[in-house]
Amino acid sequence: MTLTSERVEIAADPRAQYTRALDEHWGDGVPLLPATDDAVDALLAASPYPADHVLCVLPPVNGVATVELVAINAAMAGVEPAAFAVVLAALEALSEPEWNAFGLTTTTSSVFPMLIVNGPCRDELAIDYRASCMGGAAGRGSMTIGRAVALCLRNIGGQRAGETTKSVFGQPARLGFCIGEWEERSPWPSLAVRRGFRAEQDVVTVHGGKGTFPMADIHNDDPRDLLYLIAKSIAYPLANMYLGNPQNGEVVVAFNPMWAERFGAAFPDVDDLQAYLREHACQPVDLWPEGNAKMLRDRGRVDAQGRVHLVERPDQIVPMVCGGLGSLHAIALPSFGESFMQSRAVVR
């Protein structure tokens, strides 16, 4: 296969390559694999598109992402050919206008693409969805797919900390975040099915997440009481979604399988669970100091009972099931707000 990208001669010593990647700012601070011709060719051979196909334009500098350039970054991240199509689908998804990629790649916020994968490919590609799925499980698919997307934003989109992106803190997920849903332990249809796909399809959903927000409890036997506390916890006073329009964005809430089982017994229909969470994901306006409270009143965010809801609609709180079998934790992936989740079927 004829590659058209500029070639870079690198030293055989991997330590020298690592240093060069840092010096020339195409590395993310973690050692990279060499994107040799054979590695890039193997990825391109697994692509449903030709090498010169323009997949999307990536902000902040509007870099044109051809499949070949994506393959080079995927090779450096260590993506297996079988997983390359997931990287392509994720980039297509985050390029949808509703995801607001320019806003998310340039903001002062810590927000970054968080990938959630559904379908049979989770096991084939070692995408983590069981214990320590959000860090530490070390499945190759999870570690490389998310990182490849991050490298594409860096090297094709031109995202650079303190330069093109003003993110004050960043977050660990800026090295890449890709997890699966433990569909087999979910009492509800999978996230992908709820978003209109078939259960047998491989689907990647991109969420603009500000980080991982941990919650824990060992004192509740009543699933409704526990869900009430979860709803109150995700409605923390300085959440981004109190700053902007409550109609925008979603908060993902990841339940461990044991809690999901309890919640599924109380709420067999996931729509009912989402409605319950939305109803209780609020705070009394008196919680905020007057300056904040005035802003909320001026924006019409305070209801007749003096409550300020985190989101306008139940579907903006998105449950999913993953993680280990310890029955005491949940994780929220808070929203940036001005972004809507996007999903794409993986085409291989």
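1. Residues are called buried under 20% relative accessible area, exposed over 50% and partly exposed in between, with a 1.4 Å probe and protein chains only. Ala126, at 32% relative accessibility, therefore counts as partly exposed. Ala126 lies in the loop between α6 (121-124) and α7 (140-155), and its phi is positive, about 60°, although the residue is not a glycine. Helices (H or I, at least four residues) and strands (E, at least two) are DSSP runs, numbered from the N terminus.

2. The model is predicted: local features need pLDDT of at least 70, side-chain atom pairs count only at pLDDT 80 or more, and totals for chains, interfaces and linings use all residues. Residues are numbered from 1 along each chain as its sequence is written, and side-chain values use heavy atoms, with hydrogens and water left out.

3. Asn100, in the loop between α4 (84-94) and α5 (101-106), has a positive phi near 65°; at 26% relative accessibility Asn100 counts as partly exposed. The peptide bond from Pro59 to Pro60 is cis, with omega near 10°. Most residues other than glycine have a negative phi, and most peptide bonds are trans.

4. Pro60 belongs to the loop between β1 (54-58) and β2 (63-66). These strands, β1 and β2, pair in the antiparallel sense over four bridges, where pairing requires that DSSP finds at least two bridges between two strands. They form a hairpin with four residues between them, and Asn62 in the turn has a positive phi of about 60°. Leu58 has Gly63 of β2 as its bridge partner.

5. A nonpolar core is a set of buried Ala, Val, Leu, Ile, Met, Phe, Trp, Tyr and Cys residues joined through side-chain atoms within 4.5 Å. The largest has 54 residues, of which Leu58, Val70, Val79, Phe84, Val87 and Leu91 touch the most other members. Its largest share, 10 residues, comes from α4. Leaving aside neighbours within four places in sequence, Leu91 is in contact (heavy atoms within 4.5 Å) with Leu55, Cys56, Leu58, Val70, Val149 and Cys152. A second, separate core of 36 residues includes Trp259, Ala260, Val285 and Ala330.

6. Grid points are joined across faces, edges and corners, and a volume is the space filled by probe spheres set on the points. One cavity of 30 Å³ or more is found in the whole structure. The largest cavity has a volume of about 50 Å³, and its lining includes Ile234, Tyr236, Met241 and Leu310.

7. The largest pocket holds about 720 Å³ of space. Among its 24 lining residues, Glu6, Arg7, Val8, Ala35 and Ile72 lie nearest its centre. The element α3 (67-77) gives the most to this lining, with five residues.

8. The second largest pocket holds about 370 Å³. Of the 23 residues that line this pocket, Met134, Met143, Pro172, Gly176 and Phe177 are the closest to its centre. The largest share of the lining, four residues, comes from α7.

Key:
On a 1 Å grid over the protein atoms alone, a cavity is a set of points where a 1.4 Å probe fits but cannot get out, and a pocket is an open set with protein on both sides within 12 Å along at least five of seven lines; lining residues have an atom within 4 Å of a point.
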